[in-house]
Amino acid sequence: MTPDLMEEGAKRRQAYEARKQAATGTESGGRQAGFGRVSKFGVPDFTQGVALYLDDITVSFDGFKALNALTIMVNVGELRCIIGPNGAGKTTMMDCITGKTRPDSGRAFFGSTIDLLRLSEPEIAQIGIGRKFQKPTVYEELSVFENLELALADDRRVRASLFSRLSGAQLDRIGETLTTIHLRGEAQRSAGLLSHGQKQWLEIGMLLMQDPKLLLLDEPVAGMTDEETERTAELFLSLEGKHSLVVVEHDMKFVDQLTQGRKKVTVLHEGSVLAEGLLSEVQSNEKVVEVYLGR
């Protein structure tokens with residue numbers, strides 16, 4: 001089927017669903033939405049309990065398959081740790097989710113209705129997917145409070161309105177976030193004077209100000225002290241349930257702190273899922289030991 005026909009079919013399907021909604025009073029006509037159905041832009045449907053669904057995603061670079069028929073599903077409110085050796089495809093997976101890289105084939109859905117492969121990077125950020133890279137990126141010349149205020153700005157195209165008077169609700173939200181990220185006592189401190197770990201927390205706080213439904217966190221404790229790592233684990237566990245989190249990490253002690261012996265861990269190798277299960281299960285998996293843990 002050509003792209004033009006597919007687009008026309010989608011338009012007709014939307015028109016049909018609109019007529020049906022008007023007749024029944026419900027968005028799905030009394031049924032839950034299924035993967036692949038087109039919904040209103042920016043309104044993901046989580047009624048099936050799925051936050052992220054990657055199906056048979058393949059990405060090749062000059063003949064090398066960075067992702068090879070990768071299939072992963074993350075539930076709403078779940079904290080999922082992704083581990084694997086260098087070159088396993090972890091970063092490419094995040095690039096596909098956020099629109100930075102377009103896969104050669106496969107499907108990627110946010111909730112059951114938002115087709116991520118049809119959206120641009122800015123559109124994906126707007127619908128509630130936040131990504132934190134390994135190196136923190138904060139505005140070092142601004143205070144911690146001002147960094148959070150910047151992230152709160154409703155119209156990001158109008159920076160002149162950044163420092164307009166905040167409402168009581170906005171002030172409360174910033175205060176709550178400062179407490180969550182362990183930086184309430186550093187609110188007026190210049191971000192450039194924070195420790196590496198504190199900068200990581202601030203960037204996470206900036207993402208939280210945008211109320212993401214899904215957080216992608218790439219090696220968040222790299223370079224942190226043991227104390228900072230422990231407090232970061234506490235932070236992520238406090239976010240579990242309120243947000244869905246995908247954490248890519250090499251630090252097995254940190255992964256153990258996050259999973260607490262009861263959460264699923266996914267192991268990637270050569271662009272595919274090598275193993276999945278409790279941390280104790282994947283650590284005893286002979287294939288995992290051979291390609292990753294045994295190195």
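Predicted model: local features only at pLDDT ≥ 70, side-chain atom pairs only at ≥ 80, totals over all residues.
## Leu 148 in helix H4

Leu 148 is found in helix H4, made up of residues 144-152. Its relative accessibility is 0%, so Leu 148 counts as buried; the limit for a buried residue is under 20%.

When neighbours within four places in sequence are set aside, the contacts of Leu 148 are Ile 174, Thr 177, Leu 178, Leu 202, Gly 205, Met 206 and Met 209. Val 138 stands 10 residues away from Leu 148 in sequence, and the C-alpha atoms of the two are 9.7 Å apart.

## Leu 193 in the loop between H5 and H6

Leu 193 is located in the loop that joins helix H5 (168-180) and helix H6 (196-209). Because its relative accessible area is 56%, Leu 193 is assigned to the exposed class. Leu 148, by contrast, is buried at 0% relative accessibility.

Along the chain, Leu 193 and Ser 143 are 50 residues apart, while a distance of 9.3 Å separates their C-alpha atoms.

Terms used
Residues numbered from 1 in each chain as written. Heavy atoms only, no water. Helix = DSSP H or I, 4+ residues; strand = E, 2+ residues; numbered from the N terminus. Buried < 20%, exposed > 50% of the residue type's maximum accessible area, 1.4 Å probe, protein only. Contact = heavy atoms within 4.5 Å.
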